[in-house]
Amino acid sequence: LAQHYGVPSPFLDWTLSPWIAVYFAVTGTDSSTLPSARTAAILRLAQDSLANSGSDVRFVKVRQGPDNARLIAQEGLFTETISQACLFDGLDVLGKLDSAFAYTFPMSLATQALRDVRAMTISDLRMFPDAIGVAREVRARTLGA
């Protein structure tokens, strides 16, 4: 829960939903890059690749509860890399780097992608079921995103 409010964490956020991943890819843009040069990325990690690996790269189960509505809404789960600074370095040590995939697409597709996920009721209000979600939704509608 604290991670959603900016507290540093050893966990890397993932979602079980590819559509929620699209939502985060197109709403989390880098404003320091020229719009025509922006690229969105979605990472996929084969869940079974870490099953019983006995390694320092593992999925972490976080208890879902009433105080963590975002975890439920975002269909969230986490990975933790204990001794490696980077998940991909840890996967490489395990010989499982091929279990991670990156899909990239130009941000010129973001408007259509956002329209598509909103049609699936994936929005700021749903992903952030709190005051931050309301603020993000108002901002998006005000700016015409």
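Reader: Against which elements do the buried residues of α4 pack?

Author: They pack against α1 and β5 (100-106), where contact means heavy atoms within 4.5 Å. The model is predicted: local features need pLDDT of at least 70 and side-chain atom pairs pLDDT 80 or more, while totals for chains, interfaces and linings use all residues. Residues are numbered from 1 along each chain as its sequence is written, and side-chain values use heavy atoms, without hydrogens or water.

Reader: Which residues of α4 are called buried, and which exposed?

Author: Buried means under 20% relative accessible area, exposed over 50%, and partly exposed in between, with a 1.4 Å probe and protein chains only. In α4 (residues 110-119), Ala110, Ala113, Leu114 and Val117 are buried. Thr111, Arg115 and Ala119, on the other side of α4, are exposed. Helices (H or I, at least four residues) and strands (E, at least two) are DSSP runs, numbered from the N terminus.

Reader: Why are the buried residues of α4 said to line one face of the helix?

Author: Seen down the axis of α4, they fall within an arc of 100°, so they line one face. The arc is that of the directions from the helix axis to the C-beta atoms.

Reader: What makes a set of residues a nonpolar core?

Author: Such a core is a set of buried Ala, Val, Leu, Ile, Met, Phe, Trp, Tyr and Cys residues joined through side-chain atoms within 4.5 Å. The largest one here has 17 residues; Tyr23, Val117 and Ile122 are among those with the most contacts inside it. Its largest share, six residues, comes from α1. A second, separate core of eight residues includes Leu77, Leu87, Leu91 and Ala100.

Reader: Which residues does isoleucine 122 touch, beyond those up to four places away in sequence?

Author: Isoleucine 122 touches Trp19, Ile20, Tyr23, Val117 and Met127.

Reader: What makes a set of grid points a pocket?

Author: On a 1 Å grid over the protein atoms alone, a pocket is an open set with protein on both sides within 12 Å along at least five of seven lines; in a cavity, by contrast, a 1.4 Å probe fits but cannot get out. Lining residues have an atom within 4 Å of a point. The largest pocket is lined by 31 residues, with Asp13, Trp14, Thr15, Ala21 and Leu43 nearest its centre. The largest share of this lining, eight residues, comes from α1.
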